Amino acid sequence: MTEYERSRTMPASPEHVFDQAANIDQMGDWLPEALHVHAEELPAVTVHEDRTDEDTSALLRARPDQMRIEWGTRDRGEYTGWLQVAGIGSGASEVTVHLSFLEDGHDPGGKHVGDALESSLRRLEEQVRLRFDTAAG
């Protein structure tokens, strides 16, 4: 099993950040650009990957009381992951994303995964700033 994790500070309350991250209709705004989540009957979702043009059955659970989103493949046990939002004071938050690839053959490699996690967190921060600035102004 191979695991990856990245964190980023965001300039908004943890509730605001979590609401943005957990909104399934807006996940495409911050997930890696090649991934698209389509809700079925939650927690069941389908994840489409542009790179391979494949659909994968997955589970997605948002846990608002814990400010946590958890996901993983449904049938094949390829990967799992979570996103955790924590308040760090002064209206800011820290967001941590963790991915576990259960078999080495499913791990796309450290550089690819690291770049995707960094990009996703940057895109989530952009969406949070956009929504926060719009709501505040």
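Guide: What follows is a set of questions and answers about a predicted model.

Visitor: Why is Thr96 called buried?

Guide: Thr96 has a relative accessibility of 12%. The label buried needs a value under 20%, so Thr96 counts as buried. Thr96 is part of strand β7.

Visitor: What makes the pairing of Thr96 and Ser7 a polar contact?

Guide: The side chains of Thr96 and Ser7 are joined at 2.7 Å. The cut-off for a pair of N or O atoms is 3.5 Å, and 2.7 Å is within it.

Visitor: Which residues are in contact with Thr96, leaving aside its neighbours within four places in sequence?

Guide: They are Glu5, Arg6, Ser7, Trp82, Leu83 and Gln84. Contact here means heavy atoms within 4.5 Å.

Visitor: Thr46 is in strand β3. Is Thr46 buried or exposed?

Guide: Thr46 has a relative accessible area of 16%. That is under 20%, so Thr46 is buried. Beyond its neighbours within four places in sequence, Thr46 is in contact with His36, Val37, His38, Glu40, Asp55 and Thr56.

Visitor: How many salt bridges does the structure hold?

Guide: There are eight salt bridges in the structure. Side chains of opposite charge can pair when their charged atoms come close.

Visitor: How do you know that Glu118 and Arg6 form a salt bridge?

Guide: The closest N and O atoms of Glu118 and Arg6 are 3.2 Å apart. The limit is 4 Å, so the pair qualifies as a salt bridge. Glu118 belongs to helix α2 and Arg6 to strand β1, so the bridge ties together parts that are 112 residues apart in sequence.

Visitor: Why is Glu118 called partly exposed?

Guide: The relative accessible area of Glu118 is 35%. Arg6, at 27%, counts as partly exposed by the same test.

Visitor: What makes the pair of Arg51 and Glu49 a salt bridge?

Guide: The closest N and O atoms of Arg51 and Glu49 are 2.7 Å apart, which is within 4 Å. Arg51 has a relative accessible area of 57%; that is over 50%, so Arg51 is exposed. Glu49 has 22%, so Glu49 is partly exposed.

Visitor: Which other pair can be set against the salt-bridge limit?

Guide: Glu70 and Arg63 meet in a salt bridge at 2.8 Å, N to O, again within 4 Å. Glu70 is partly exposed at 24%, and Arg63 is partly exposed at 30%. Salt bridges with shared partners also join Arg8, Glu125 and Arg129 into one network.

Visitor: How many residues line the largest pocket, and which lie nearest its centre?

Guide: The lining of the largest pocket has 36 residues, and Pro32, Leu35, Glu49, Tyr79 and Phe101 lie nearest the centre. Elements that give two or more residues to this lining include β3, β7 and α2. The most comes from α2, with seven residues. The space in the largest pocket is about 970 Å³.

Visitor: What classes of residue make up the lining of the largest pocket?

Guide: The lining has 22 nonpolar, seven polar and seven charged residues. Glu49 is one of the lining residues, and Glu counts as charged.

Notes:
Residues are numbered from 1 along each chain as its sequence is written. This is a predicted model: local features need pLDDT of at least 70, side-chain atom pairs count only at pLDDT 80 or more; totals for chains, interfaces and linings use all residues. Side-chain values use heavy atoms; hydrogens and water are left out. On a 1 Å grid over the protein atoms alone, a cavity is a set of points where a 1.4 Å probe fits but cannot get out, and a pocket is an open set with protein on both sides within 12 Å along at least five of seven lines; lining residues have an atom within 4 Å of a point. Grid points are joined across faces, edges and corners, and a volume is the space filled by probe spheres set on the points. Helices (H or I, at least four residues) and strands (E, at least two) are DSSP runs, numbered from the N terminus. Buried means under 20% relative accessible area, exposed over 50%, partly exposed in between (1.4 Å probe, protein chains only). A polar contact is a pair of N or O atoms within 3.5 Å; within protein, one must be able to donate a hydrogen and the other to accept it, and residues adjacent in sequence count only if both atoms are side-chain atoms. A salt bridge is a side-chain nitrogen of Lys or Arg within 4 Å of a carboxyl oxygen of Asp or Glu.
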